Amino acid sequence: MKSAAVQIEALDEPNLIMGKAPIVRAVFEGRDISPLWDTLFGRISADITDAAAFLDVSILLHAIGEEDKAALSQKAALEISRKYLIRNGRGTGPNVLVFMTAGDFMANTPIEFLLEHSDANLLLYYVDADTTDLADVPEHDVAFVAVGESAENLAVLANLDRLLRDWTGPIMNNAPRLIMALSRDGVAEALKDEPSILAPAAARVDRTVLEKLASGEIEVDAIQVAKAFPVIVRPLGTHAGKGMEKIATRSELSAYLASHADTEFYVTPFIDYSGTDGKFRKQRVAFINGRPYASHLAVSEHWMVHYLNAGMTQHEDRRAEEALWMANFDSDFAVRHARSFDALHRRLGLDYFAIDCAELADGRLLVFEADVAMIVHSMDWESIFPYKKGAMRKLFAAFEDALARRVARTAPTTECAHTGKPAVYQRTHDDCLVCALAMLTGRTYEEIEDIARGCDPSYPLGGPMSHSIMRGVANKCGFVLLSSIYMLWAKPAIIGVVSPTVPNTGHAVFWDGEKIIDPGFCERVDRAYVDRCGLEFTQRASDLQPLISHDIQISYLAGAVAANEPL
């Protein structure tokens, strides 16, 4: 279908690009892209150093499937400049610095789609494995790490981990090592002990091993992750079902290897997740600061479900099912899988990511993959999918709000009820106790760090802080702290909980006598979370005196000091 030609405005600002959202939308809707094509190539002919035109051309080529040509155009752009600007709406919103790297549409978080309807300015900053420093990043309000997990991106992410280690400004997804762990085998390993989730074990298998399996030299169970055929085989580093096939026999495996020259593959057991009607359903869910948001539901007769080939446009009943799923997501799907969603956020530990999943007959969540670079968009025809706009607006608004909240941390408006002083937020992933102590005692972050160094010269600035140092810092501030499984909710306290963001760790939040203030990067730590995940409550020993005097009724006290210990 073709409609009006793509209209573009004169771009009179250096490296101001259209970006993915309008270009991909034009191709997706079948509009006439020849005016855009002519204009971009006209600009390149007039100025061979027009980096913005080269980058938009690469996006256009990617959108129409010309991957090799797209890579060449992108390479030309990045050789000229590593910095680009996308102005959304009126351009009056936050300036968002986006760390990206070269690659196709799956190489980076599709932040252009997430903020397409905002007024944000996207400052795209391309990095690679050889980037030496970030001294020339443009001025910005908040940063976002968009580089996704892939074999090609591992060295880039490792370098970003080094470059961002001392980053102090507001930033989302500043966890390159956690992004690196989002490989198929990495996700399966992270979730293997979660009873509410099935993430099928994935083995990286060399081609020679598969050739032995195909010839009958070894059995399927030699690969360990699967006991028998059928298995799913796909080349390492592929997405969107490229090269993925269900293999049921040795002869099928031989034929598969004959048509794929790759040297390394993922092998996973085939899980039949079909419903009682024989159809397969796959849901895409995005997580923003720990909260899940519906992205899409695809229904298909085939086990390999992709939204574009699931027949959603042709089948009204499938769209009706997706509409109902989206409308009731918060009260139905998200409630049924609350434990799974909690575990996903805690074990993957990222501010933003998305998953493809399905429901199993036994109630578990089947997780196919998790990534920061899954495509989340609202390009579907509104005349056919009228229900999707509302759900996607909700998701996009949540992402905008998450960025705004991260900006607000630099000038916090939340006050601690007991001191009237501003809340203190984390600067690293390990300094939650520093922040909690600062809020409890009314000191600054820097003062707590200085006192901690005074207690133990080996204390690493930015944490983590041990409980013994915590007590020493508190003592020097005039507080004798005692921990127990009980606390007086009328008094300020440091609360230890299972971390909602960093896998297999504890986390400290602060209770100011009226509300919980989480110094970390999550919006899910409330009274209900404390009830489920509380580990200990730390208060002044003098405040706990009423409980201590009735210690017979208290089942456990973990404090190392007495209530009347002198300062």
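**Close-up views of a predicted model**

The count of salt bridges comes to 33, a salt bridge being a side-chain nitrogen of Lys or Arg within 4 Å of a carboxyl oxygen of Asp or Glu. The model is predicted: local features need pLDDT of at least 70 and side-chain atom pairs count only at pLDDT 80 or more, while totals for chains, interfaces and linings use all residues. Residues are numbered from 1 along each chain as its sequence is written, and side-chain values use heavy atoms, with hydrogens and water left out.

**View 1. The salt bridge of Lys20 and Glu112.** Side chains of opposite charge can pair when their charged atoms come close. In the pair of Lys20 and Glu112, the closest N and O atoms are 3.0 Å apart. Lys20 belongs to helix H1 (residues 20-28) and Glu112 to helix H5 (residues 111-114), so the pair ties together parts that are 92 residues apart in sequence. Helices (H or I, at least four residues) and strands (E, at least two) are DSSP runs, numbered from the N terminus. Lys20 and Glu112 are both buried. Buried means under 20% relative accessible area, exposed means over 50%, and partly exposed lies in between (1.4 Å probe, protein chains only).

**View 2. The salt bridge of Arg281 and Glu321.** The closest N and O atoms of Arg281 and Glu321 are 2.4 Å apart. Arg281 counts as buried, at 19% relative accessibility, whereas Glu321 is partly exposed, with a relative accessible area of 27%.

View 3. Lys192 is exposed, its relative accessible area being 53%, and Glu189 is partly exposed at 47%.

**View 4. A nonpolar patch on the surface.** The patch is formed by Phe28, Leu308 and Trp381, which together have about 310 Å² of accessible area. Accessible areas come from the Shrake-Rupley method with a 1.4 Å probe; for residues, only the protein chains shown count as cover. Patches are made of residues with over 30% relative accessible area and no salt bridge; like charges are joined within 9 Å, and nonpolar side chains (Val, Leu, Ile, Met, Phe, Trp, Tyr) within 5 Å. Leu308 sits in the loop between strand S12 (291-300) and helix H11 (316-327). Leu308 is exposed, with a relative accessible area of 73%.

**View 5. The second largest pocket.** Its volume is about 1,000 Å³. On a 1 Å grid over the protein atoms alone, a pocket is an open set of points with protein on both sides within 12 Å along at least five of seven lines, whereas a cavity is a set where a 1.4 Å probe fits but cannot get out; lining residues have an atom within 4 Å of a point. Grid points are joined across faces, edges and corners, and a volume is the space filled by probe spheres set on the points. The second largest pocket has 45 lining residues, and those nearest its centre are Trp167, Gln426, Arg427, Thr428 and Phe521. Elements that each supply at least two lining residues include helix H6 (154-163) and helix H16 (445-455). By class, the lining has 20 nonpolar, 12 polar and 13 charged residues. Here Ala, Val, Leu, Ile, Met, Phe, Trp, Tyr, Cys and Pro count as nonpolar, Asp, Glu, Lys and Arg as charged, and the others, Gly among them, as polar.

**View 6. The largest cavity.** The structure holds four cavities of 30 Å³ or more. The largest cavity has a volume of about 160 Å³. It is lined by 16 residues, and Glu149, Ser183, Arg184, Gly237 and Tyr266 lie nearest its centre. Strand S14 (residues 365-371) gives the largest share of this lining, three residues. The lining of the largest cavity divides into six nonpolar, five polar and five charged residues.

**View 7. The second largest cavity.** This cavity has a volume of about 90 Å³. Of its 14 lining residues, Lys20, Ile59, Gln74, Gly103 and Tyr126 are the closest to its centre. Helix H3 (51-63) and strand S3 (121-126) give two or more residues to the lining, and H3 gives the most, with four residues.
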